Amino acid sequence: MTSRNDGIQLLLQAEKSASEKVNEAKRRKAKRLKEAKIEAQAEIDAERAERERHFKMIEEREHKAELHYKCTKIAEEVAKAQNCTIDLDIVCLATELLFRFYQVLATDLETFAKHAKRTTINMDDVLCFVRRNPQLVQLMSDFHKQQTTGKKPPDVAVPLPTSSGTDSKKSEQPPPKDSETKTAVHSPDSAQSLTEWFMDLE
């Protein structure tokens, strides 16, 4: 009888030990599955971030190339109008400044729209961005009114510096030599150039 009870106790202990081992294996499996899921999600996030960075770099490169082309064309027009030459380094510098200004503009406009609890950027955000320049605010407001009313906005002309009594003699004078030419640079923070730039965005 005693040996029979001992055998039953041994069976119960063996069953309990086996159950504990099975439960431990299940816990290890669940823990490993959780860790594998976290590792897989981390790899997915890293791959997504890398692809987004790559696409953003390509997009920025394309935008900068287009901006550089437009800056080059504007520089050629200004050089022709001013009868001077503009170095390529100046054009590259203007392109970089405008590109960084474009990034700041996009970030600020998005921030203004979010602050107003909107998902769409409108004219109020643009006017808020240029609020420190009253002349530019007025120009932007007038242009927006002309666009909304359907009227054709007047052509904005950049005034060229002239001196009295010398306009009639300019055609008679020979073109200046390369050593005598002056470099004309358009300041990106002037009201006129910013207005034209905003008009191009429209």
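The largest nonpolar core of this predicted model is made up of eight residues, namely Leu-105, Leu-109, Met-123, Val-126, Phe-129, Val-130, Leu-136 and Met-140. Helices H2, H3 and H4 each supply at least two residues of this core, and H3 gives the most, with three residues. A second, separate core holds six residues, among them Cys-71, Ala-75, Val-91 and Leu-98.

Met-123, a member of the largest core, is in contact with Met-140, Ser-141 and His-144 once its neighbours within four places in sequence are left aside. Met-140 and Ser-141 are also among the buried residues of H4, together with Leu-136 and Phe-143. Seen down the axis of H4, its buried residues fall within an arc of 165°, and they therefore line one face of the helix. On the other side of H4, by contrast, Pro-134, Gln-135, Lys-145 and Thr-149 are exposed. The length of H4 can be checked as well: at 1.5 Å a residue, the 16 residues of this helix (residues 134–149) should span 22 Å, and the end C-alpha atoms are 22 Å apart, which agrees.

The structure holds two aromatic pairs. Because Phe-99 and Tyr-102 are three residues apart in helix H2 (residues 88–115), they are separated by about one helical turn. The other pair joins Phe-101 and Phe-129, whose ring centres are 5.7 Å apart and whose planes stand at 70°, so the pair is edge-to-face. This pair links distant parts of the chain, since Phe-101 belongs to helix H2 and Phe-129 to helix H3 (residues 123–129), 28 residues apart.

| Residue | Relative accessibility | Class |
|---|---|---|
| Phe-99 | 5% | buried |
| Tyr-102 | 32% | partly exposed |
| Phe-101 | 23% | partly exposed |
| Phe-129 | 15% | buried |

Two of these residues take part in further arrangements. The charged end of Lys-64 sits over the ring of Phe-99, 4.7 Å from the ring centre. Phe-129, in turn, is one of the residues of the largest nonpolar core, and its edge-to-face partner is Phe-101, which lies in helix H2.

Terms used. Residues numbered from 1 in each chain as written. Predicted model: local features only at pLDDT ≥ 70, side-chain atom pairs only at ≥ 80, totals over all residues. Heavy atoms only, no water. Helix = DSSP H or I, 4+ residues; strand = E, 2+ residues; numbered from the N terminus. Expected span 1.5 Å × (residues − 1). Buried < 20%, exposed > 50% of the residue type's maximum accessible area, 1.4 Å probe, protein only. Arc of directions from axis to C-beta. Phe/Tyr/Trp six-rings, centres within 6.5 Å; stacked < 30°, edge-to-face > 60°. Lys NZ or Arg CZ within 6 Å of the ring centre and 35° of its normal. Core = buried A, V, L, I, M, F, W, Y, C linked by side-chain atoms within 4.5 Å. Contact = heavy atoms within 4.5 Å.
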